[in-house]
Each structure stands twice: as structure tokens, then as C-alpha cells.
Amino acid sequence: MSGLARASSQGSLDRPDDEVVPYSDDETDDELQSEDDLDRSIKLNNACVCPSEAGWSVRANDREYCKRPEFQKKVFLCIKKSKYSGNGIKTYKYNFFTFLPLNLYEQFKRAANLYFLCLLILQIIPQISTLPWYTTLVPLVLVLGITAIKDLVDDLIALVTVFSRSKARHRMDKEINNRKCDVLLNGRFVETRWLNLQVGDVVRIKKNDFIPADILLLSSSNPNSLCYVETAELDGETNLKFKMGQKVTDERLQEEDQLARFNGLIMCEEPNNRLDKFVGTMIWDAQSYSLDLDNMLLRGCKIRNTDFCHGLVIFAGNDTKIMRNGGKTRFKRTLIDKLMNYMVYTIFALLVLLCAGLAIGHTYWYESVGSKAWYLYDGLNYSSSYRGFLSFWGYIIILNTMVPISLYVSVEVIRLGQSKFINWDLQMYYSEKDTPAKARTTTLNEQLGQIQYIFSDKTGTLTQNIMAFKKCSISGRTYGESTSADGVVLDRGKPVDFSWNKYADNKFQFEDHYLISCIRSKKDPQILEFFKLLSLCHTVMVENKEGELVYQAASPDEGALVTAARNFGFVLLARTQDEISILENEREESYKVLATLDFNSDRKRMSTILRFPDGRIRLYCKGADTIFANDTLRTLCLCYKDISEEDFAVWEQKHQVASCAVVNREEAQDVVYEEIEQNLLLIGATAIEDKLQDGVPETIAKLAKADIKIWVLTGDKKGQMSHLSLLDAEVVYSDSRTLLRV
């Protein structure tokens, strides 16, 4: 059940709505929180967050805050600068001033180039020079020049996959830095360039705009400050994800003047490259609010289906997560390059031995013959050993042709030609999408022929990642086979007619008529409780578009389960941060969300604590099982338990403290979650199908012909592996993961 995690409605957990003092536009500046009040609020809430623990702090609408002495870092000697980066970025490898020194540095990592540079230096020394210096300089400059031109062209026209696949590094950096967005300055939104954004700025982002920095979502044009983002630039996934602002900021930070008076303090983790995690706390008006990744809009994403949103810049420029994942642009060295260096080292070692032998021979010859022949006298009173030393370097110069400097040029020409052949190869042309093969660099071509292993994920890579509800087990009975309304198994079934349900999804297919008759007759309360749980225990958001309910799920699993409940008569109608409305048995009911216990890979489950209309408190839980999986289906177990008011009050206090912790928050939350998720009653289990993508067996067969070994890492269990049997896969198990050797 990967991907079920979602933000808890922290703002709604503090107290009932009727106790929350509403924000008023009529408040004066004197009535608003002062700087001293804010500092006192930090002290009041130090049980939840300690400033020394939070490595990063940001105050809204206060650029000077980041320039304080305590936020300065030493750059060189006594020179200091703010640890907060500006929002300008640089992804290109070279510029006008650094190209020559950096390129020469990279090229002289090649042994032959370094050898000929040393040789050129030797030829400048008159005592040992046996050839004119330009005989080495000309070929060396030629080799360095050809390689430098190739590297420069690669750097100028190579595609930047982080931001765009159609523009060069220099041009793309300039374009990105000069993109426009609205920033709140002096109480008004003004248009400015991304380059000028700073940490602590409040910005407004419009529909279809890229997000300029890592931003805390404050409010949006959608209900509940919901904001849809496209994350293809971050993780390659094309399905939209949704983010949500805190309830308190959604209610109080909608208008321009409200945003201008916002002075909350954000304390969070230091900048890092983890795209799946963010831990922070917002302190505002003497209250602490837990922040996580679902409150963050990350740079590189694009706003979709949202007219506008407001946010606070937390990380800018090189501190953003996407830039932290980029790393330094490094010189890529292939196995051929390493082999050629090894060959040069070997040849050079032989050359040194040969020249040493000749130098020793010269020493003995001069001692016995040369020093006694008057016609060989050169006027220099050098000893025999010193003359032998000089002759050693002279032989190094004379025999320099043993080291093949032209070898590198030959390899570069071959690589260039090979890249053209790759681009022209019709057998690698994909006609359905008019996509030819494209060699994006001339440096790594030969590596393609040396690949020995491919490591792959399963879900969404080998499979379609389109989930379909197939079966369920309730109170020990399995439903999902082709049956009649009386429960008789049919050899050939027909799809259920859901015309009785005006909210049914027409794409949903199910052939068990007996389950439908049980639901409509209401004769089994466990079946009704089962589908009520599916309609309430999730993080799916719902929109009403022209009378049509549209579900937005963080994962395909959740979407499939909520859609199934919808077709069986338990329809998710509306959702806010603290309330869920469903239609059950043709009657609309609203449930108050008291807490959402997020999914993670350790717990392998998520839970929702709800207050029923009659006042009862119930916990619904769904999570991965360890024994039920079969028929290649992905299974989840469904459980529940009732909680007393006293027990929930005690647990809620612990949950509040754990949710505000900046250090080890996940561990603290897991302990609190584990405490409440005890003594659950099992209702049943669900089974979802995720089919292989078209062409997967054929692709793997062709890779196998090339003697390429394929390993697939998955969280599925043995029963879910049967659809991979056609891949002739050997299955290796661990405690929580399955590794396939195909």
C-alpha cells in the first residue's frame, strides 16, 4: 500500500471550531502580535520545539531576519556570509572565465596529456633538450583543442533533464533565473524575477506556473487550501498530486493585507536532498503547528487545476531539494578511458626502464671512452654520473613516440561517429510515438555495450500502476467471483448493473451479484461496516465538476478502494481538513476527523480516528497483510476499534507533542501511533490487481539475449509473484522486500 501517506489535519486537532477565535480584518496593528509576543510564544511552546534543535528558521515577511549574525557562516578566513542561499541557480559546467582552466584540469587527468605536458617542460631545459620544443607543443595543443571544442559543444547544447529537455544549460539557467512571479513587498504583491526571491518572502503562484523555490503552502483558491501539483520534473510521475495548507493559514491568510501582516516563525530541518521528507514547526500567535511534506510545494513542480496559491519561501536556490539532488557536474570517465590510462602507465613504466638502462650505459661509456676522446670534449666539466642523469631525460624526450598521444583523438572521433550511428539507427526508432534513439553525449557511448546489470522497480515500471478492485474477504467469506444474486457460482458471469446508484463509476467492473444483494438488503452489518471503512479511511480529496464527482488520490491503491466503495453505495461526497461527508445507504452523514495516522514503510498501515454523528469515537485502520496475498493481487487488511473519550484525550496530548517535535518526529509519532493501534477487530481484506505493461516479457527476453542480468526490487509477497513466472524469475526474499533475479 505504498503511497498512502498524507498530511494530518493538525490545525483541526487543537480545539473544537467553536472555540477558535476568528481572524478579523478590523484588527489594528496594536492588536496584532508584536516581535516580543512572538519570542514569548517560542518559549511557551518549547515543549514542542527547541530553537537549538531546529537547524533552519525562517520568519515570514522579514528579509533582515536571515541576515542576523547567528545565521552567518565563514567563507574564507574572516569573510562571512549568510547561510541562506539566494534563489539564483547555475547548472552549467563552464562559463567564459572558467572554461579554459576547468577544461584543462579535466583533460590533464588523462595520463598521456599530463605526460606530454611534462615532456614539453623538459624540452625547454637546454641541457637535456634533444628536440625543438614545438615538436611536442603542436600535437599537444591539437589534441587538447579538439577535445576542448567537443566538451564545449557538449556543455552548450547538452540537454538539462532536471528542468527541460529542450534547452541548453546556459540558456536554460538564464531563462529560469529570469522567470517572473509575484512577491509581497511593502504590503503589496509586485512582479519580480525568480533571481531576486529571498528566504522569508511571501509569494503568489498562478495556474500552470512553475514553483520558484521550496515553499510552505499557506492558502490557495481551492477549498481547504488544496493545491494540485505536477511532479514530473522531480520523480517522473505524470499523475497530479495534491498538497494542503494548514487550516489556520487557510482561514486567516487569504487576502493581501492578511498575508502582509503574517509574521509566523518556521523552524525546520536543514536543507537536504530528501524529496520524500520534510519536518518543521510553525509558531504563530502563541501556537505551534506541525508541518510536513504535504504542506510543501517543491521547486521544479508545476501548479495545476489551481487558479492561484500563496506560500512562504523556506529554501531558495541551491538549498532547494531539487538542486541538492543535482550534485556537482563531474567529468564522466568510461572504462575505455580508464583502460587507456592504464595502458599509458604501463608504456611509461617500460619507457622509464628503457631510458634508465640507456642512461646507465651512457654513464659507463663516457667513463671509459667519452671522457678520454679529445674530439668529444664539449667544454663542460660534468661528471659521468651527472651526464648519465641528463641523458636519461634526453632519452625520455627522444623516445616520446612510445606514448600514443593520438590515441585519445582517435577514440573521440570514433565516439562521435558512433553517436551519429545511434541517432540514425532505424531499429531503435519507436514509430508509435515518433521517437528515435538520441545520443545525448559523445562521452559514454561505449558504456552501452558494457552494461551487465539492470536494477528496476516493479510497480509502475513493469506494471501499469492502474489499480482495479477485484475481490474482497468479509467475515471469512470471499467475494469477487462470478455469482448470481443468490450466491450461486456461475461458469460465465456478467457485469453488475450499477444503474441503481447515480454516483457509480461507469468504468468499474464487478461480477459478484451476491455481494450487491447483501449490501442492498442490509442484512449483514459487517459488510456495511467494511465499505464504510473504505469510504472513510483514506486521504482522497473530492471535487464536484459540473455535477460529477472527481476523486484525487495520492496513490492508485487509495483511488481504487474509494471508487469501489462508491459503486457499492458508500459515496465520498465532500471532504474538508476536519470533516468527511459520505452517502451511505442513500443517507448523507458527516464524520469529524480527529486525527490521521500517516502511512509509512515501517508501520505499513494508516489509520483515521473519527467522531461519529452519535458522538462515538472510532479508529479505522487499513494495512498490509503478511499471509493473504495470492492470484497476483495486492491485499490490505481492514480493522477498527472504538475509543473512549478519556483514552482519546490522553492520547491526543501525546500526539500533539510528537507532531511538533523537530528532531526524530517520525520515531516519536510511530510510538504514539503504535499505542493507539492496539486490540483491533479484523473486518476483512481487499484485493487489487495491477497488470504487467504491454511488451514487458518481450523486452526482458531481448535483454537476456544480450546477457544482461535484471534485478527487480518489490514489496510484494510470494503469492503476488505468479504473474512474473513467465519472466523465468528467481525470487529472493528478505524480511520486508522481495528481490527478483530475472
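These notebook entries record what I looked up in the structure.

**Entry 1: the model.** I am working with a predicted model, in which local features need pLDDT of at least 70, side-chain atom pairs count only at pLDDT 80 or more, and totals for chains, interfaces and linings use all residues. Residues are numbered from 1 along each chain as its sequence is written, and side-chain values use heavy atoms, with hydrogens and water left out.

**Entry 2: listed positions.** I consulted UniProt, where an unreviewed entry gives a "binding site" that includes Phe599, Lys622 and Arg634. I note that such annotations may be inferred rather than shown by experiment; the positions are given in the numbering used here, and feature names are shortened.

I looked up Arg634 and found it in strand β26 (residues 634–643). Strands (E, at least two residues) are DSSP runs, numbered from the N terminus. Is Arg634 buried or exposed? Arg634 counts as buried because its relative accessibility is 10%, and buried means under 20% relative accessible area, with exposed over 50% and partly exposed in between (1.4 Å probe, protein chains only). Its side chain makes a polar contact with the side chain of Asp557, at 3.2 Å. A polar contact is a pair of N or O atoms within 3.5 Å; within protein, one must be able to donate a hydrogen and the other to accept it, and residues adjacent in sequence count only if both atoms are side-chain atoms.

I then turned to Phe599, which is in the loop between β23 (587–597) and β24 (605–611). Phe599 has 14% relative accessibility and therefore counts as buried.

**Entry 3: nonpolar cores.** A nonpolar core is a set of buried Ala, Val, Leu, Ile, Met, Phe, Trp, Tyr and Cys residues joined through side-chain atoms within 4.5 Å. The largest one has 57 residues, and Leu297, Leu312 and Ile314 have the most contacts inside it. Strand β15 (residues 308–315) gives the most to this core, with five residues. Apart from it I found another core, of 53 residues, Ile474 and Val540 among them.

**Entry 4: a sheet.** I traced an open sheet of four strands in the order β1-β10-β11-β12, with antiparallel pairing; two strands pair if DSSP finds at least two bridges between them. The edge strands, β1 (56–59) and β12 (287–292), each pair on one side only. β1 and β10 (residues 265–268) pair over four bridges, and Arg59 has Leu265 as its bridge partner in β10.
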